[in-house]
Amino acid sequence: MSATSSTPQNAQDTMIRLSGVEKWYGDHHVLTNVSADVKRGQVVVLCGPSGSGKSTLIRTMNHLEPINEGSIIVNGENVHARGININRLRSHIGFVFQQFNLFPHLSVLENVTCGPLWVNKADARETRALAHELLEKVGLAHKAEAYPNQLSGGQQQRVAIARALAMKPPVMLFDEPTSALDPEMVGEVLSVMKALASEGMTMVCVTHEMKFARDVSDEVWFMDQGQLLEVADPEAFFTAPNHPRAQKFLSDIHAG
């Protein structure tokens with residue numbers, strides 16, 4: 001889309017817009033008036049104490065969790081519009097979970113190709129070629145014919161990333177993608193995420209990996225008790241956070 005288009009520039013540049021998002025679980029207010037934008041090509045890291053609403057918020061971005069009030073626009077589409085085709089919506093938003101959720105009865109290659117083939121009815125030859133490219137990208141070309149139970153946790157998570165990328169999404173969401181991994185496997189997954197970021201993929205990541213947040217993110221969102229309390233560039237956030245709860249969060253990390 002050219003800059004001369006009649007579409008407002010900020011609309012072009014915004015991949016995700018959260019406006020007054022509210023969510024309850026019964027009487028428990030999980031998300032309170034969350035409003036923020038993610039720009040195209042931006043890497044945003046969501047951090048905060050456990051139970052602060054981070055995973056709930058990221059799951060509302062592809063309608064894995066419904067919201068009670070507000071709106072979420074992803075790539076120009078209202079995620080929570082009445083009557084929306086949720087399966088079609090999710091096929092355009094890459095999502096990587098804590099658990100890898102691979103199909104155990106399918107090979108690595110079949111896990112990566114199943115979405116484009118089953119959901120998008122894509123051309124089989126082109127899909128297989130893309131899958132091989134993506135497995136090369138995540139360092140697992142040699143595991144194409146292996147099955148999930150033959151892979152380490154880090155390898156399974158890298159397959160899950162390749163599977164999400166096979167749908168050619170304009171945005172990738174990561175919900176604590178390294179939390180289920182042994183420490184020695186964390187780096188191999190983060191390196192794939194860093195490579196994606198360097199290629200300009202729009203990414204929102206819930207993670208406890210603060211070095212990744214500092215080195216790779218363009219913006220840090222700090223949440224506590226369901227509220228988005230601070231939005232800052234990583235240098236400002238990690239050297240001089242404004243909100244007292246953010247200051248305590250970082251001091252607790254350093255103390256640990």
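The dialogue below takes up a strand and then a loop residue.

Author: This is a predicted model, in which local features need pLDDT of at least 70, side-chain atom pairs count only at pLDDT 80 or more, and totals for chains, interfaces and linings use all residues. Residues are numbered from 1 along each chain as its sequence is written, and side-chain values use heavy atoms, with hydrogens and water left out.

Reader: Which way do the residues of β8 point?

Author: In a regular strand the side chains alternate between the two faces of the sheet. Here Thr-202, Val-204 and Val-206 point one way from β8, while Met-203 and Cys-205 point the other way. Strands are DSSP runs of E with at least two residues, and helices are runs of H or I with at least four, numbered from the N terminus.

Reader: Why is β8 described as largely enclosed by the rest of the structure?

Author: Buried means under 20% relative accessible area (1.4 Å probe, protein chains only). Five of the five residues of β8 (residues 202-206) are buried, so the strand is largely enclosed.

Reader: Which strand does β8 join over five bridges?

Author: Two strands pair if DSSP finds at least two bridges between them. Strand β7 (residues 171-175) runs parallel to β8, with five bridges, and Leu-173 has Val-204 as its bridge partner. Strand β3 (residues 43-47) also pairs with β8 in the parallel sense, over four bridges.

Reader: Is Ser-91 buried or exposed?

Author: Ser-91 counts as buried, at 8% relative accessibility. Ser-91 lies in the loop between α3 (86-90) and β6 (94-96).

Key
Buried < 20%, exposed > 50% of the residue type's maximum accessible area, 1.4 Å probe, protein only.
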